[in-house]
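Please look over the sequence and the structure shown here before reading on.

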Amino acid sequence: MAAPLGSMPLGSRPRLPDVADQAGGRPVLLGTLDVPFDRDAVTFAVDSAVELGQRLIIANFAERAPLPLSTMLGYDDRPYTPEMADALAAPARLARELGVEVTRLRVKSFHPITAMLEVAAEQGAGIFVFGPDRSQVPRLRYRRAARAIRSGVSSLVWLAP
């Protein structure tokens, strides 16, 4: 029979696990559908990565048009506009300033919602923050993505309000 915690010698007390131990070393994934991020989503994702001491993966999932000639000529790999590039880079800058390791991904797929689920599984995300700016995503597309994420991701999920 074990002795009560208060009667144990100081050196033999059980160690409480750190928060990072509870997270199991799983990164935080912040994803969007080729639109800027919601401010609350960025805040939640960066705060979670800082508190857990884990890596932050910032991913933009873009739809790739099924045009073989465009792909061969390189028209589907156009750079972001300066505003979009800045909007996608801002969470990475903030996280790096706070000492978080950041990985940025640009995923182009015929099915970006399915690609989100695959990346979350491949990266072993502990928290999936789906944070597109709701004013920039069609309502039906957002709802379809949110439904797929809720049912297809095995990690904690945070959806943009």
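With which residue does Asp86 form a salt bridge, and how far apart are the closest N and O atoms? The partner is Arg93, and the closest N and O atoms are 2.9 Å apart, where a salt bridge is taken to be a side-chain nitrogen of Lys or Arg within 4 Å of a carboxyl oxygen of Asp or Glu. This is a predicted model, in which local features need pLDDT of at least 70 and side-chain atom pairs count only at pLDDT 80 or more, while totals for chains, interfaces and linings use all residues. Residues are numbered from 1 along each chain as its sequence is written, and side-chain values use heavy atoms, with hydrogens and water left out.

Asp86 is partly exposed, with a relative accessible area of 42%, and Arg93 is also partly exposed, at 41%; here buried means under 20% relative accessible area, exposed over 50%, and partly exposed in between (1.4 Å probe, protein chains only). Side chains of opposite charge can pair when their charged atoms come close. A search of the whole structure finds 2 salt bridges, and Glu63 and Arg141 also meet in one, at 3.9 Å from N to O. Because Glu63 lies in strand S2 and Arg141 in helix H6, this pair ties together parts that are 78 residues apart in sequence; helices (H or I, at least four residues) and strands (E, at least two) are DSSP runs, numbered from the N terminus. Glu63 counts as exposed, at 54% relative accessibility, whereas Arg141 is partly exposed, at 22%.

Strand S2 (residues 56-63) also holds Asn60, which counts as buried at 2% relative accessibility. Leaving aside neighbours within four places in sequence, Asn60 is in contact (heavy atoms within 4.5 Å) with a set of residues including Thr32, Asp34, Tyr80, Met84 and Arg106.

Leu117, in helix H5 (residues 112-123), is partly exposed, with a relative accessible area of 21%. Its contacts, again leaving aside neighbours within four places in sequence, are Ala148, Ile149, Gly152 and Val153. The C-alpha atoms of Leu117 and Gly152 are separated by 6.4 Å, although these two residues are 35 residues apart along the chain.

Finally, Arg134 sits in the loop between strand S4 (127-130) and helix H6 (139-152), and at 33% relative accessibility this arginine counts as partly exposed.
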